Amino acid sequence: MTMLLPLMTASAARAEGGTFWMPKAASTYAQDVDDVFYFIYYTDAVFFAVLMAAMILMAIKYRRKGEAEVTPVIKGNHTLELAWSVFPTFLLVAMFWLGFKGWMNMAVPPADAMEVRVIGQKWNWTYQYPAANIDGVDYPSFEVAGADAACMDRVTDPSRDIECNAALVVPAGKPVKLVMNSRDVLHSFFVPDFRMKRDVIPGRYTQQWFEAPEVGEHNVFCTEYCGDRHGYMYSKVQVKSPADFEAWKLEQHKKAAASGLVSGAELGAQLFASKGCAGCHKIDGTKLVGPWLNGKFGTVEQLEGGATVTIDEGYLRESILVPGAKVVAGYPPSMPPYQGQLDDRQVEGLIEYIKSLK
Ligand SMILES: [Cu+2]
């Protein structure tokens, strides 16, 4: 039975528009990944067939036929050796080139990509959508998280359906950038239909992007074993038409506003005042004890010692928790470390706040 499993999943994949090897391709770059896969696969298949056939034929043809037969001494053949080194080198360079090109495309999100924060946690995913101004109204950010209350008794009854985990909802035909980190251990965000997989790491931000051209639903798996209920870190990507997506998003924004939930940036603004940041940092482009923090996100910072760093989520997090790790050029290393004094939601709030300062 277990032997049949790969065959069964493969035929299920085919039924849904995939092939024997791959589930259906549902992102703009999925075909590039498949092309590299099939190029390597067929190259290997041809070499395997030729080598095995040659080996069997030679084993038969040149076998030792009698006690008296002496093994000939063969000194080598330069032409042959060069040929079988150079020819495969071209094939390897082609594999590298195809793979590298595809990887570069996947690694660099388009500038106009919509951003969603993805947070991995034992054992579910949280998706946070940023605050937005829609038709002149300011709405707070919102999140769709883990499982809803009705799903929670699955914790005591593992047979309960796990499909009630929240889904990542995105618009069709638009690039989406995921900025991901973990609240606890290493996870990995994998969407097979998109050929997209990236580790989700505590204390560091990783990114990946995708564009799904068609409306549909796709599986999300955690592919980094993270504990007992690793298999429960199951979710969906729901690709909606742009109009449906906007309607859904507006509804979520309104719900968040009605619940009085403060957005990450608002929490950050409160902390900025209450945790003493404002005593050393101004947000109007002037210097105090420390550098001003408005308009900084995405720019390049000069560090003490001559190095530079691009100000992204990872740098902000480090600057807040362990400011001594990278000291801004021209300033004393006098900022106190906030490691252990702020929880993850608070650090994220401060980062959201600093990102929002123009
Ligand atoms: Cu996990």
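At 1.5 Å a residue, the 13 residues of α7 should span 18 Å, and the end C-alpha atoms of α7 are 18 Å apart, which agrees; the expected span is 1.5 Å times one less than the number of residues. The model is predicted: local features need pLDDT of at least 70, side-chain atom pairs count only at pLDDT 80 or more, and totals for chains, interfaces and linings use all residues. Residues are numbered from 1 along each chain as its sequence is written. Helices (H or I, at least four residues) are DSSP runs numbered from the N terminus.

**Exercise 1.** Determine which residues of α7 are buried and what covers them.

*Solution.* Step 1: a residue is buried if 20 or more other C-beta atoms, placed from the backbone, lie within 10 Å of its own, exposed if 12 or fewer, and partly exposed in between. Step 2: in α7, the buried residues include Val 347, Leu 350, Ile 351, Tyr 353 and Ile 354, and Glu 348, Glu 352 and Lys 355 are also buried. Step 3: the cover over the buried residues of α7 includes α5 and α6.

**Exercise 2.** Describe how α5 packs on α7.

*Solution.* Step 1: axes are lines fitted to C-alpha atoms, for helices over the stretch in contact, and angles run from 0 to 180 degrees between N-to-C directions. Step 2: α5 (residues 264-274) meets α7 at an angle of about 95°, with the axes 7 Å apart. Step 3: α5 is therefore roughly perpendicular to α7 (65 to 115 degrees; under 35 is roughly parallel, over 145 roughly antiparallel, the rest oblique).

**Exercise 3.** Describe how α2 packs on α3.

*Solution.* Step 1: α2 (residues 30-61) and α3 (residues 78-107) pack at about 165°, with their axes 9 Å apart. Step 2: this angle makes α2 roughly antiparallel to α3. Step 3: the contact includes Val 36, Phe 39 and Ile 40 of α2 and Leu 91, Met 95 and Leu 98 of α3.

How values were computed:
Helices (H or I, at least four residues) and strands (E, at least two) are DSSP runs, numbered from the N terminus. Two residues are in contact if their C-beta atoms, placed from the backbone, lie within 7 Å.
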